[in-house]
Amino acid sequence: MSAPTKQTRQDVYVRDGYRCVMCCATDPLTFQHRRAVGMGGSKILPPPVDGLTLCASCNQRCEADLQDAALAHGWKVRRWVRSPERVPVFFPAELAWYRLEGTRRVRISAAVAMEMGCAVYGDEWMRWRAHALFGADGRGTR
Ligand SMILES: [Zn+2]
């Protein structure tokens, strides 16, 4: 996965309302790759469904202490998932789940989000969800 095109970055910022999906900060915004960029990168350009608007600090924390929470909320997607649009995304500011579709996001119920996540990840999704809900600091207790 390489850097997004200017257009894709723009589409993702517009879709997410020009603010960090996680904390609502509006500056400095970054394009977060939902799927980790592989070693040495790749020539494949990320589509909008593979990107998320995050501030620089949240982007960093998704790769560090908030990894489980990021997976549980669809902010991060396992690299082996071929279609990142199959993993729903939680927007904390709206307390709502969305599925990403092209350059749009479509609101879905928590039940549908649960089904989508389980269809992709199975039990692992449930474990991440449990950590996200009950881990005092969002990190779980492993
Ligand atoms: Zn943020």
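**Notebook: zinc site, cysteines, salt bridges, hairpin**

I began with Cys62, which counts as buried at 0% relative accessibility. My cut-offs for relative accessible area: buried is under 20%, exposed is over 50%, and partly exposed is in between, using a 1.4 Å probe and protein chains only.

Before going on, I noted that this is a predicted model, where local features need pLDDT of at least 70, side-chain atom pairs count only at pLDDT 80 or more, and totals for chains, interfaces and linings use all residues. Residues are numbered from 1 along each chain as its sequence is written, and side-chain values use heavy atoms, with hydrogens and water left out.

I searched the whole structure for disulfides and found zero. The test was a pair of cysteine sulfur atoms within 2.5 Å. How far is the nearest cysteine sulfur from that of Cys62? It belongs to Cys58 and is 7.0 Å away.

**Entry: zinc ion**

The donors are the SG atoms of Cys20, Cys23, Cys55 and Cys58, lying 2.3 Å from the zinc ion. Donors here are N, O and S atoms within 2.8 Å of the metal (3.2 Å for Na, K and Ca); water is not among the atoms, so sites may look incomplete.

I read the donor spacing in sequence as C-x2-C-x31-C-x2-C. The site is tetrahedral, with angles of 103 to 117 degrees among the four donor atoms. For four donors, tetrahedral requires all angles to lie between 85 and 135 degrees.

Cys23 is partly exposed, at 41% relative accessibility.

**Entry: salt bridges**

I counted nine salt bridges in the structure. Each is a side-chain nitrogen of Lys or Arg within 4 Å of a carboxyl oxygen of Asp or Glu.

Arg78 meets Glu124, with 3.3 Å from N to O. This pair links distant parts of the chain, 46 residues apart: Arg78 sits in the loop between α3 (67–72) and β3 (89–91), and Glu124 in helix α5 (residues 123–134). Helices (H or I, at least four residues) and strands (E, at least two) are DSSP runs numbered from the N terminus. Arg78 is partly exposed at 30% relative accessible area. Glu124 is also partly exposed, at 23%.

Glu94 meets Arg105, again with 3.3 Å from N to O. Glu94 lies in the loop between β3 and β4 (96–101) and Arg105 in strand β5 (residues 104–108), so the pair ties together parts eleven residues apart in sequence. Glu94 is partly exposed at 23% relative accessible area. Arg105 is partly exposed, with 23% as well. I also found Arg19 linked with Glu94 and Arg105 in a network of salt bridges.

Glu101 and Arg104 form a salt bridge at 2.5 Å, N to O. Glu101 is partly exposed at 31% relative accessibility. Arg104 is partly exposed at 47%.

**Entry: β4 and β5**

Last, I checked how β4 and β5 pair. They run antiparallel, joined by five bridges. Pairing needs at least two DSSP bridges between two strands. Which residue in β5 is the bridge partner of Trp97? I found Ile108 there.

β4 and β5 form a hairpin, with two residues between them. Gly102, in the turn, has a positive phi of about 60 degrees.

Terms used: Four donors count as tetrahedral if all angles lie between 85 and 135 degrees; four count as square planar and six as octahedral if opposite donors are over 155 degrees apart and all others between 65 and 115; anything else is irregular.
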